[in-house]
Amino acid sequence: MNKLQDARDQVLAQIREASHKAGRADETVQLLAVSKTHSAGVLREMYQAGQRSFGENYLQEALEKIHSLQDLNDIEWHFIGHVQRNKTKLLAENFDWVHGVDRLIIAERLSAQRPEQRAALNICIQVNIDGQESKDGCTPEQVAELVKMISQLPNLCLRGLMVIPAPGHTDAFEHTRQLFNQVRTFHAHPQVWDTLSMGMSADLEAAVVAGSTMVRIGTALFGTRDYSDKV
């Protein structure tokens, strides 16, 4: 417990320092704990340390954790992996946020499959901001049209953009912020267009200074991951 608490406190201190450097209040930046490959028991300990938002990449693994931790009523589940068409129903039924939406058909399926008794599913559009061949995401030029269409779908709340720039490509954060501001006028409900999901353990400060409102932190919180069981 103490190890996880200390790690979380250190990351929150980094967020505060970066926020103050940018002239921002620290509460404008949310910490999302990227918990893929870590057990439900470890997540429960991190929850006890004060963390509430957790990000998962592997759907089946995430569903097992959601089931194991269902007694934690205020835990918030984010899916941050690539969204495949055959997975949208399970995502719509079990998650609070989906960050990897880059096509209208995916958003339409999530909207249609969201259970009526659940609150609107929070969505971020994933943008391949620096044109990496190995990365998912729409192009910056496609964002405005996607915002127009997705923001009108029922059962979804389109919150903003998510990016994963190439390592060291921190200029991409500023480009994302500019894009975020440019497309606000296309949103059917601009008052909820409030999320820039960008920045990880290695580039947290640069992301916050550029305007990130949600940093996705894994290694700095949990240590190095073990991918030996992943395909």
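Colleague: Is phenylalanine 95 buried or exposed?
Modeller: Phenylalanine 95 is buried, at 0% relative accessibility; buried means under 20% relative accessible area, exposed over 50% and partly exposed in between (1.4 Å probe, protein chains only). Bear in mind that this is a predicted model, where local features need pLDDT of at least 70, side-chain atom pairs need 80 or more, and totals for chains, interfaces and linings use all residues. Numbering runs from 1 along each chain as its sequence is written, and side-chain values use heavy atoms, without hydrogens or water.

Colleague: How many aromatic pairs does the structure hold?
Modeller: Three, counting rings of Phe, Tyr and Trp (its six-membered ring) with centres within 6.5 Å; planes under 30 degrees apart are stacked, over 60 edge-to-face, the rest tilted. Phenylalanine 54 and tryptophan 77 make a tilted pair, because their planes are at 40 degrees, with centres 6.1 Å apart.

Colleague: Which strands do phenylalanine 54 and tryptophan 77 lie in?
Modeller: Phenylalanine 54 is in E2 and tryptophan 77 in E3, so the pair ties together parts 23 residues apart in sequence. (Helices, H or I with at least four residues, and strands, E with at least two, are DSSP runs numbered from the N terminus.) Tryptophan 77 is buried at 4%.

Colleague: New topic: which residues of H7 are buried?
Modeller: Ala172, Phe173, Thr176, Leu179 and Phe180. They line one face of H7, because they fall within an arc of 120 degrees seen down its axis, taking directions from the axis to the C-beta atoms.

Colleague: And which residues are exposed on the other side of H7?
Modeller: Asp171 and Gln182.
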